[in-house]
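Here are my notes on this chain, point by point. Please read them with the structure open.

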Amino acid sequence: MLVFTLILVGAVGLILGASLYFLRYLAQGRRLFFARIAIAAFDIVGIGSLLLFIRSAFMHGWGAATALLVMLLFVAQIITLLVTACAAALRYLRRRMLSAPYDPARRRLLAGAAAYPAAGLLLGGYGAFFERRHTVRSDYTIPVPRLPHEAEGMVVAQISDVHLGPYFSVADFEALLTEVGASGADLLAVTGDIFDDERQNEAAAEVLAAHAADYPDGIWYCIGNHEYYHDGRRIVDRMAHEGRVRVVLNSAAQVPGRGVYIAGVDYPFGRGNDFYLQKEAFFAAAMSEVPADALTVLLAHHPEFIDDAAADGRVPLTLTGHTHGSQFGVFGRPLFPVFKYTRGMVRIGDNYGYVHTGNGSWFPLRIGCPPEIAYFRLERNAEQ
Ligand SMILES: [Fe+2]
């Protein structure tokens, strides 16, 4: 957590420094002076208090609304900084190419300077109030060699990373489950980071279990890291005990009447080599319950389980989450591909792995990376 906070503080410092520098292209004189004071005060006081209060008791009601506004303004600041830097660089290159003679009196201000912060605010507002609230549908067909006939055409729906909390309520969860429940999918896979709020976990678990009847092959659940932070593990254990939602935690079970298995793994918290050792052990434990000649769909919160699945040979499809697709994207690609697999479909040989963009988040902005419900139709691969 300390490392994460230090990285965050360092990043905010860098963004502040660059913003103070590039403001010279958007304002001059007294305006420039006051704009710099305002940006510095916002980044130090606004973002500073956000880092202190995020995930605290203040993060509900007005506290959450204020935090959302601060995050929106910060994203708007970053977008403004990026477009300003690009415009200044482009103008510099154009002048160099045209070999414009050096003129110290030349205006530094960019033409239409007010449009840059306006664009930042518009995009930020879109990300906070529109895209984040509009779930898209993603459809995939997965060709599976040796797929049992009973599983031909089976549709698995996936939701992930709901992050119950100030920006995703039980009512939002109910609406999401109603939408996916009406889709006609055969099975719902939930890949963790759902129960993330002590105030809402209990009610949400009840809502989830009540929707089990929407799927002929049931709801299957694997745990995420956030279930360990806000009493979610207790909820998951109780769900496993009750049995209305099938919890797969380093375990697997056959889907009745389908011939295929669903396996699920725990979240590996280890660092460095420990991460890989844990991952290997969790995967081996889950797969020990799958016969050598059977096929399974693996549910794993962390996307790097895609590698273990591809190496095994019994896992044609792995469904993961955790990354939220980096929440910002361009043309369907993640803007911050900080994980080995950050967003979308990965194919390794005959094996497919999917990294879901998530349905909610503790950071309430998305641009170019909407929340999704993903559907995977299993089809027998005739060539095999
Ligand atoms: Fe998450």
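1. Start with the open sheet whose strand order is S1-S14-S2-S3-S4-S5. The sheet has 6 strands, and the pairing is mixed. Its edges are S1 (136–144) and S5 (246–247), and each of these pairs on one side only. Keep in mind that this is a predicted model.

2. Look next at the S1 and S14 pair. The two strands run parallel and share 9 bridges.

3. S2 is joined to S14 (residues 372–380) by 4 bridges, in the antiparallel sense. S2 also pairs with S3 (residues 187–190), again over 4 bridges, but in the parallel sense. Ala 157 faces Tyr 375 in S14, and Ala 157 stands opposite Leu 188 in S3.

4. How does the chain get from S2 to S3, and with what handedness? The path goes through helix H5 (residues 170–181), and this β-α-β crossover is right-handed. H5 lies across S2, S3 and S14. The helix runs at about 165 degrees to S2.

5. Now the other open sheet, with the order S6-S7-S8-S9-S13-S12. This sheet has 6 strands and mixed pairing. Which strands stand at its edges? They are S6 (251–254) and S12; each has a single partner strand, so one side of each is left without a neighbour in the sheet. From one strand to the next, the twist averages 20 degrees.

6. Within that sheet, S9 and S13 are parallel and joined by 4 bridges. Leu 319 stands opposite Tyr 354 in S13. Helix H9 lies across S8, S9, S12 and S13. H9 runs at about 170 degrees to S9.

7. Helix H9 (residues 305–312) deserves a check of its own. Its buried residues are Phe 305, Ile 306, Asp 308 and Ala 309. Why do these residues fall on the same side of H9? They cover an arc of only 160 degrees around the axis, so they share one side. Their cover includes helix H8 (273–287) and strands S8 (296–299), S9 (317–320), S12 (344–348) and S13 (351–355). After H9 comes Gly 313, with a positive phi near 95 degrees.

8. Arg 95 belongs to helix H3 (residues 62–97). Is Arg 95 buried or partly exposed? Arg 95 is partly exposed, because 14 other C-beta atoms lie within 10 Å, and a residue needs 20 or more to count as buried. Arg 95 and Tyr 375 are 280 residues apart along the chain, and their C-alpha atoms are separated by 51 Å.

9. Last, the chain as a whole. The protein chain has 9 helices and 14 strands. Its C-alpha atoms fill a box of roughly 80 × 50 × 40 Å along the principal axes. Of its 384 residues, 40% count as buried. Among contacts with a separation of 6 or more, 73% come from residues 24 or more positions apart.

Definitions and conventions
Residues numbered from 1 in each chain as written. Predicted model: local features only at pLDDT ≥ 70, side-chain atom pairs only at ≥ 80, totals over all residues. Buried ≥ 20, exposed ≤ 12 C-beta atoms within 10 Å, placed from the backbone. Arc of directions from axis to C-beta. Contact = placed C-beta atoms within 7 Å. Pairing = 2+ DSSP bridges. Right-handed = clockwise from strand over helix to strand, strands pointing away. Axes fitted to C-alpha atoms, helices over the stretch in contact; angles between N-to-C directions.
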